[in-house]
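Trainee: I am new to this structure. Please show me how to read it, feature by feature.

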Amino acid sequence: MPRAPRRTPVASAPSGGRRTGGVGVAIGREAVGALVALALAVIALRHVVATERVALLWYDGDSVLLPLVRRSLDLGQPFEWAMSPALFFFPELPVYLLCSVVTATPQQALALNGVLVLLAVYALVRAAANELMPSAGRPARIAVSAGALAVVTLVVLTESSATATSLELGSLLLTTTYYYGALLAMLGTAVLVLRAVRTGRASVVVLVVLGLVAACTTASNPLYVPWSAAPVVVTLVLLAAVRRVPWRLALLVSAATTVGSVVGYLVRIPLRPFVSLDPATYVRPSRAGSTLQFFAALTDERAGTAAGDAGLLLLFLGVLVTVGGTVWAWRVRTARTVLVATVLPLVTVVAVSVGVVVAGSQTPRYLEPIVTAPLLALVAVAELARTAVRRTRVHRPFRGVRATVAIAGAAVLVTGVAVAPGTASAVATARYTPSSCLDRWADGRDVVGVGQFWTVRPLAAYASSNVQLLQVRDTFETYPWLVDLGAYRDADPTFVVVGSRDLWTTAVEDSLGAPATISHCTGFDVYDYAGTAGADRLRRDVVGSADVIRRERGF
């Protein structure tokens, strides 16, 4: 009997793709891809700026953290920050500081930062395409990478609310404090893993860089471990167990990732004074049932509009591509890189989804990897489709795909150019009106006041440098959450900002007495206690409690 034909592994070429032109042509094509990515980023930013979502980008209590850090540095205050378990030291703070150097306002810096993050997503997916599509032409790899970013942009275009507690996950990438650093590190780690798998060996350079990424990211944000490090180890061990990845390679890469993560945790020990809560406090398994109900309710709420339905559908399609790609890659005995690029996102999505529920965490932003992880599977499926079509020897009629991609790219560029002036104008002229009212009240005086988290933080970020605001609880004790405790040293608070949505257990006047004056602004009132007994209590309670907290933290 004749032998059955052997199946040839897909996409096993070791080189970086066919030569279709000189260096100039390659640079030109990469430039076009980068321009398309920039256009997509501008389109996404324009949508956020033009909708209520802009409040989350610029004026949310969490979003103004890095502008507050920059302001504190400019004022020369001691660096005694009380952060969350995420410290934002890498890469968020350095990137924002660079953005703030070349911009004039916090809004401009935050907008530029958001655009850079989306460009970084494109760059990392583009790097993954080099590993997953080595035998494809450069235009194909660029097109697939731009298509992946287009999916993210489409998700962003379906999101328009002002709250972070929703299933609107794509636009969180544009913010500076909703963990984009860990997400970029997740994609970067995947690229390094794919590099090692494609070459068949874990070079010293790859292992060192992988360990450094794991260490730096974990030290800044421990979410890197469940989002990236653990899925990488699980994926490689599983594939090694079924003999699809060499054990030596799997163990070396897993060891580098694990050691890097452990080093990151060790680095967090001397950084402990900056951490307000232990990450373990976020794990509450007893709330797993209520958490599942919580996310079911969020899904129903998201599905209440056409845009919400579209957003959920895009997220579902991302998961479907991941699952389908894994099955496809397994059945056709494809190249190891393609298989890893489908299994790793699947493991990540399952781990994150199940982990959030099991941990009892009713925080939607911890599900962000379900937006970005499937981008790797999207590139892998594109490579599976490309090689499957070529192997049928009827791929010539499909050259119309090139024209379709070219038209789509041109449409994106035209749209990006069309919305760019309006976006730039909106960003350049953006002002926080409530802070202007507070500035007029201060009238150039150097004043220090206090207020509650959600009201006082955007005011503190956007007010003039002569106006300082300290964050307090409703008992007038310092609230050590995302604030510089150094700003409380020898402070002399004399007024209280009372927001229309603040909750005070005891009325301010009952606690401090009658203010000298009350001034009204949109959304808040200013209770001026200068020269009254209330100012003495503010100094005693606010500054005194801050001194205690600083000593406890070891500052």
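**Reading the disulfide, the helix and the cores**

Mentor: Start with the cysteines: the count comes to one disulfide, taken as a pair of cysteine sulfur atoms within 2.5 Å. This is a predicted model: local features need pLDDT of at least 70, side-chain atom pairs count only at pLDDT 80 or more, and totals for chains, interfaces and linings use all residues. Residues are numbered from 1 along each chain as its sequence is written, and side-chain values use heavy atoms, with hydrogens and water left out.

Trainee: Which cysteines form the disulfide?

Mentor: Cys437 and Cys521, with sulfur atoms 1.9 Å apart. The link is left-handed, with -80° about the S-S bond. Cys437 lies in helix H17 (residues 433-442) and Cys521 in strand E6 (residues 517-521), so the pair ties together parts 84 residues apart in sequence. Helices (H or I, at least four residues) and strands (E, at least two) are DSSP runs, numbered from the N terminus.

Trainee: How do I check a helix? What should helix H13 span?

Mentor: The expected span is 1.5 Å times one less than the number of residues. Helix H13 (residues 336-358) has 23 residues, so it should span 33 Å. Its end C-alpha atoms are 32 Å apart, which agrees. After H13 comes Gly360, with a positive phi near 70°.

Trainee: Which residues have the most contacts inside the largest nonpolar core?

Mentor: A nonpolar core is a set of buried Ala, Val, Leu, Ile, Met, Phe, Trp, Tyr and Cys residues joined through side-chain atoms within 4.5 Å. The largest has 138 residues, and Trp58, Val253, Leu438 and Phe495 have the most contacts inside it. Helix H7 (residues 180-199) gives the largest share of this core, 13 residues. A second, separate core has 24 residues, including Leu470 and Ala546.

Trainee: What is Val253 in contact with?

Mentor: Contact means heavy atoms within 4.5 Å. Leaving aside neighbours within four places in sequence, Val253 touches Val193, Ala196, Ala202, Leu207, Leu210, Val232 and Leu236.

Technical notes
Buried < 20%, exposed > 50% of the residue type's maximum accessible area, 1.4 Å probe, protein only.
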